[in-house]
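Please go through this report with the model open beside it. Each section takes up one kind of local feature.

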Amino acid sequence: MNKIIRQDKILEILDKQNSVNLEDLSEELNVSMVTLRRDIAELTEKGLIEKFYGGIRKKNQFSEAQFFERVKINQRKKEKIADLALNFISKGDTIYLDASSTCYVLAKKLIEKVDFLNVVTNNLYTAIVLSKNITYNITVVGGTLDNKNCVIVGVYPENMMKEIRVEKAFFSCSAFSIEEGAFENLPQSGTIKNIVAKNTNQIYLLVDSSKIGKKSIMKTLEPHEINKFISDEYNEELYKIFKKDFIY
């Protein structure tokens, strides 16, 4: 079992029982305590779990207020990126908006600027914003609610997305490495993006400059898979890779 699958399994276990003893967890995953402690250290650093004596528990991260606090982080950058992304969406398009706060900002602008869209998303707040434009046909991917992030995850949305094709997919990411591409903090979010990427004609990656030059636990997109890279400021290294497809 590799690290990404292992850490995803830890989060799944905590979703079911909230807390777990380290010895029991080591036995269930069939890994050494040394390996388990490394995984726990990474998940703790990301704010997904918290430790107590002899065990770990799920960290209650999500609330409506916390989601909108996340929207406010680097908000000016997100606003600029969303304005640039609007130029690539036209009346009648079928698009996918991922569960990121950047795509939520894009959705708020989109309902005022472009009518008659078919939109697929797995973020409930994004879907609610989109519903304010009555000309939209909105598909919310069904499945299990990850109430830490207000995102629909699991086997059901993955299978559903395998059957849906969109013309344009708008993704953000947790981190972007110049050499390796886009990364996600949460494997379940990364899996959905991998599936959507295979079923779209165009991939638009929306990345604020604070995420560039970083990596996380799951890689989702190679640089060559990205059709348009949209950011809030010029980056010489990115320009060398994407040239006219680097939008800033």
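## Basis of the model

This is a predicted model, in which local features need pLDDT of at least 70, side-chain atom pairs count only at pLDDT 80 or more, and totals for chains, interfaces and linings use all residues. Residues are numbered from 1 along each chain as its sequence is written, and side-chain values use heavy atoms, with hydrogens and water left out.

## Salt bridges

Side chains of opposite charge can pair when their charged atoms come close. The whole structure holds 13 salt bridges (a side-chain nitrogen of Lys or Arg within 4 Å of a carboxyl oxygen of Asp or Glu). One of them joins K228 to D245, with N and O 2.8 Å apart. This pair links distant parts of the chain, 17 residues apart. K228 sits in strand 14 (residues 228-230), and D245 in the loop between helix 10 (236-242) and strand 15 (246-247). Helices (H or I, at least four residues) and strands (E, at least two) are DSSP runs, numbered from the N terminus.

K228 counts as buried because its relative accessibility is 17%. The classes are buried (under 20% relative accessible area), exposed (over 50%) and partly exposed (in between), with a 1.4 Å probe and protein chains only. D245 also bridges to K244, at 3.7 Å between the closest N and O atoms. K244 has a relative accessible area of 68%, so K244 is exposed. K219 pairs with E222 at 3.0 Å between the closest N and O atoms. K219 is partly exposed at 32% relative accessibility, and E222 is partly exposed at 28%.

## A negative patch

Which residues gather in a patch of negative charge on the surface? They are E23, D24, E27 and E28. A patch is made of residues with over 30% relative accessible area and no salt bridge; like charges are joined within 9 Å, and nonpolar side chains (Val, Leu, Ile, Met, Phe, Trp, Tyr) within 5 Å. Asp and Glu count as negative, Lys and Arg as positive; His and the chain ends are not counted. E28 lies in helix 2 (residues 22-29). E28 counts as partly exposed because its relative accessibility is 47%.

S172 occupies the loop between strand 9 (166-171) and strand 10 (175-177). Is S172 buried or exposed? S172 is buried, at 2% relative accessible area. Its side chain reaches the backbone oxygen of L206 at 2.8 Å. The S172 side chain also makes a polar contact with the side chain of K211, at 3.4 Å. A polar contact is a pair of N or O atoms within 3.5 Å; within protein, one must be able to donate a hydrogen and the other to accept it, and residues adjacent in sequence count only if both atoms are side-chain atoms.

## Backbone points

Most residues other than glycine have a negative phi. N30 has a positive phi, near 60°. N30 lies in the loop between helix 2 and helix 3 (33-45), and is exposed at 71% relative accessible area. F116 also has a positive phi, near 55°. F116 lies in the loop between helix 6 (101-113) and strand 5 (118-121). F116 is partly exposed, at 45%.

S231 is in the loop between strand 14 and helix 10. S231 is buried, with a relative accessible area of 0%. S231 and I247 are 16 residues apart in sequence, and their C-alpha atoms are 6.4 Å apart in space.

Notes:
Accessible areas come from the Shrake-Rupley method with a 1.4 Å probe; for residues, only the protein chains shown count as cover. The place of a charge is taken as NZ of Lys, CZ of Arg, CG of Asp or CD of Glu.
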